[in-house]
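Q: I have just opened this one and would like to walk through it with you. Could we start with the overall picture and then move to details?

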Amino acid sequence: MDNGACSYRRFLDGDEDAFDEIMNEYFRSLVFFIDGYVHDVHTAEDIAIDALSDLIVHKHRYNFKVTLKTYLFMIGKSRALDFIRHRRVIDIVELSEARELSDDERELEEVVLSDERRRAVNRAVRQLPEDMRAAVHLIYFEDMTYDEAARVMKKNRKQVDNLLYRAKKELRLLLGEDGEGLL
Amino acid sequence: MRTIDECRAEVFRRSEEKIKARRRARVRAAALCVPLCLCAVIMSVAFMLPKGPRTEEDMMQEDGEAPGGASGTEFSNDLVGDGRDDDVNAPGGEGSLSVSFSLTWGTYGISSYDSATGRLVKATDATRPEDYVTTYRLTDEETELISELIRGLDIDRYPDVYDPQAGKLGSDPSMTLILSVRMGAKEKTVTAKNIALTYESEDPDGQLFLDVCREIVEILTGTEAWQSLPEYEFFYE
């Protein structure tokens, strides 16, 4: 049973407290996911707020056929890519370079990833190409199924599987022998 | 970083703003539609008034065109009609569309709806396009709303190939809008390609055209039939 969908149903029936549950459950994770695309926590917050406001403005767009989390992450990803397109900034991140986290990103990481081990993996994941990073994030950090991750990324299950396989190979190189135990 | 409470307040604040903006857009479209409808009615009546004294020949012709006769009702040159819709209503009675329409929209025009057949297409570019097609008949309320929008547009004023943004705005990807309005044997189609996704125009006529198309799209994508179709397979980046 999808708790998010249950909360949203209650919200549609008039229980405004149910929306608080949705915010508490998904907001920080959504910001964390979007931040992987836009690399700015404040912008990621902004986009996540827009995605959640869509739940209120366009109440009939969510058809309950996917989990609420999947739906929110789909909207978040679309809006993040829209933002990037409008900003017209091209970020090229090479595997050998690591972009330092800002203080806000560090704070967000500590809120979302309470485990130091996961934080170490996250820092390596951020060096991966965008699609691989998104696939690892959704499967390992957000505990989505392959099908749910495929829906968010608008790919099929096989493509997600391939991305994860390649991502693991790259992470082994990035994390080294000591880090391999973290995977 | 903001607290969860601050973010929640911001979510509700933005939601209210978006809902108000949508209402304003609808009121604006209706405000434009009403005077245009009035003008269309006045012009149609003025056009149909007899130009001179009726001759005996005219009276004999009128007698021959009794209600139910083969020649039926005169059609106004105005494709949208002059309010005398009873004779040309499609089967379905009150609330039926006095004209039928079709609209193609979306990035590269992948989505479409035809009110005559009820065919609703979400995407033509999917791996299995047949999964993205369904049949949907508009409700009386939806029919009435769309009829009002189309009447207010006065589509005859627009050229067959139209750029509502006059080449001034653009986006990548862009979208296509093709609006066809049919009444009897008459049909008018306005095709607008390579339009920015923002539905904005600096020209009032262009903005009206975009507003009407957007309103129709919102009605169609808000239906259960649309919601039941699968999610898009591809995202145009």
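Q: Of the contacts in chain A with a separation of 6 or more, what share comes from residues 24 or more positions apart?
A: In this predicted model, such residues account for 64% of those contacts in chain A, where contact means heavy atoms within 4.5 Å.

Q: How many helices and strands does chain A have?
A: Chain A has nine helices and zero strands, counted as DSSP runs (H or I of at least four residues for helices, E of at least two for strands) numbered from the N terminus.

Q: And how much of chain A is buried?
A: Of its 183 residues, 49% are buried, meaning under 20% relative accessible area with a 1.4 Å probe, protein chains only.

Q: Switching topic, how do α3(A) and α4(A) cross?
A: The axes of helix α3 (residues 41–57) and helix α4 (residues 68–87) of chain A come within 9 Å and cross at roughly 130 degrees. The two are therefore oblique to each other, a class left over once angles under 35 degrees (roughly parallel), over 145 (roughly antiparallel) and 65 to 115 (roughly perpendicular) are set aside.

Q: Which residues meet there?
A: Among them are A:I47 and A:L55 in α3(A), and A:L72 and A:F83 in α4(A).

Q: What about B:S15, buried or exposed?
A: B:S15, found in helix α1 (residues 4–48) of chain B, counts as buried because its relative accessibility is 2%. Leaving out residues up to four places away in sequence, B:S15 touches A:S53, A:I56 and A:V57.

Note on methods
Residues are numbered from 1 along each chain as its sequence is written. Chains are lettered from A and ligands numbered from 1 in the order in which they are written. This is a predicted model: local features need pLDDT of at least 70, side-chain atom pairs count only at pLDDT 80 or more; totals for chains, interfaces and linings use all residues. Side-chain values use heavy atoms; hydrogens and water are left out. Axes are lines fitted to C-alpha atoms, for helices over the stretch in contact, and angles run from 0 to 180 degrees between N-to-C directions. Buried means under 20% relative accessible area, exposed over 50%, partly exposed in between (1.4 Å probe, protein chains only).
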